[in-house]
Amino acid sequence: MNTPTAFDGVVRLEGISVRYTRPTERIETLKEYAIRRLKRGVRFDQFWALRGVSLELGQGESLGVIGPNGAGKTTMLKVIARVLRPTEGRVRVRGNVAPLLEFGAGFHPELTGRENIFLNGALLGFTRREMEAKYGRIVAFSEMAEFIDAPLRTYSSGMVARLGFAVASDVTPDVLLLDEVLAVGDESFRRKSAARMNEFKAQGATLILVTHSMQNVVDMCQRALWLDRGQVRALGPAPEVTAAYVQAAK
Amino acid sequence: MGAAAAKPIESPVEIYDSAKRPSPFIDEFVQLLRYRSLVAELVARDIKTRYKRSVLGVAWTLLNPLATMLVMAFVFQTLFQRTVEHYSVYLLSALLVWQFFSTTTTHAMNQLVWGGALLHRIYLPKSVFAVSAAGTGLVNLLISLIPLGVVMALTGAPLRPAVLLMPLAVLLLAMFSLGLGLLLSTLAVYFVDVLNMYVIVLTMWMYLTPILYPADILPASFQWVLKVNPMYYLVEIFRSPVHAGVGAPLAAWVAAALVAAGSLIVGWWAFTKQADEYAYRV
């Protein structure tokens, strides 16, 4: 594929804007919509979740994204993960993206752990054959071999998170998106998942971490991006940006 | 593309570029082919979860249409047995068609609304939900052919070579149902009451379709109601080979093919046109 402007990085955002359009009053039903439409028309609110965000990341780089709630951090991850198509601007991503936005989404309580592994793998775009090759590793990593044929409804929430993480992280991603994921599970699971993150980084994956923990940003990321109401407030070395952010919050 | 864990870094990597926008009508189809494993998994999930906690398991698929048929046959047999030969075959074959149609269209809507939470987190071709609903319907329809065969044998309805036309009838039925399911899903994302309204429409629609009564009991002034009802043709082409032992008239086949292709094209077009919007909706 040839691109007009050279793209040799891994992630590049050029002037990304995302606009959500919502009816001013929430209209849930067709009946309501028809009535409103007849009476005085439906009014819409426009809300820019991201406004003109540009960014380039190379292989093996890591970026921490910080900012207050509603600053557009998760929206940015969604744009990179191909979940949201930007309203304006252009996003390019080289290679596969591990969508570690949340674990256990798409699990079914009546299916067994084994059946859920295959279903979840298919949701992530893997074929049956690929999942058969991965299955043994996933079970071993989740440490759930003895419960694997029991229905998921008998699992504790920690076990579900562990299984979800094992499926989602059994990839060699080029880009890894993390949205506050280090906050789930017990201490040993947290350590295990952090170890896997470092493994990915060692293999050259590009990491984007969304978190409220400045410590995590400084520990894991070279650079930090400070988002404020959808706009870039600062982008630079992690220690400097986090310090400025903490300073401003005071 | 889901690359295997052992994928070497040097292998040609794919580049996602939001500025390169292939036609959604075609792109959705390409993506659906890539995610065919997901369609298979979703069908397997639906079949398994439906029966997991039930004592009779898959037997329900056999018993459900059979029970409905028995009740209806008991009520209407005396009314129609003089005009309709092998009334139970007449009724059951049409009920199978209707059951496929109604469950596929409603299931497609439910699935997309269920999948809504996922669409906020990961990329998926949105049509997997409607297509897997049709897949689940096809599996159930296949299983239901067993009770149909049993009823045919018991009532002495003859099995003729015309039954070889049935796969084509099922294909057209699936195309029509999928198209309408996609069209309804497009609406259901925006309005929660579409499903409720549709259930009412379905009930009326069923009684307007000659499923439990013969078409000719309608007075001549009402025959146009049949002519504009796509399900009339789709029921006819499926039922005629098993009940009458001959294929339906060519005109019925042509009408069925036209409504099937029309529904699928319009449904697919409307659905894929909105494909980028779904992740924005809750």
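In the predicted model examined here, A:V65 stands opposite A:L225 in strand 8 of chain A, strands being DSSP runs of E of at least two residues and helices runs of H or I of at least four, numbered from the N terminus. Strand 8 (residues 223-228) pairs in the parallel sense with strand 3 of chain A over 4 bridges, where pairing requires that DSSP finds at least two bridges between two strands. A:V65 also stands opposite A:V210 in strand 7 of chain A, and strand 7 (residues 206-210) runs parallel to strand 3, joined to it by 4 bridges. Because 5 of the 5 residues of strand 3 (residues 62-66) are buried, this strand is largely enclosed by the rest of the structure; buried means under 20% relative accessible area, exposed over 50% and partly exposed in between (1.4 Å probe, protein chains only). A:S62, A:G64 and A:I66 cover one face, and A:L63 and A:V65 the other.

In chain B, helix 1 (residues 24-34) contains B:Q31, which is buried at a relative accessible area of 5%. Apart from its neighbours within four places in sequence, B:Q31 is in contact (heavy atoms within 4.5 Å) with A:R82, B:Y123 and B:P125. B:V30 likewise lies in helix 1 of chain B, but is partly exposed at 40% relative accessibility.

Residues are numbered from 1 along each chain as its sequence is written, and chains are lettered from A and ligands numbered from 1 in the order in which they are written. Local features need pLDDT of at least 70 and side-chain atom pairs count only at pLDDT 80 or more, while totals for chains, interfaces and linings use all residues, and side-chain values use heavy atoms, with hydrogens and water left out.
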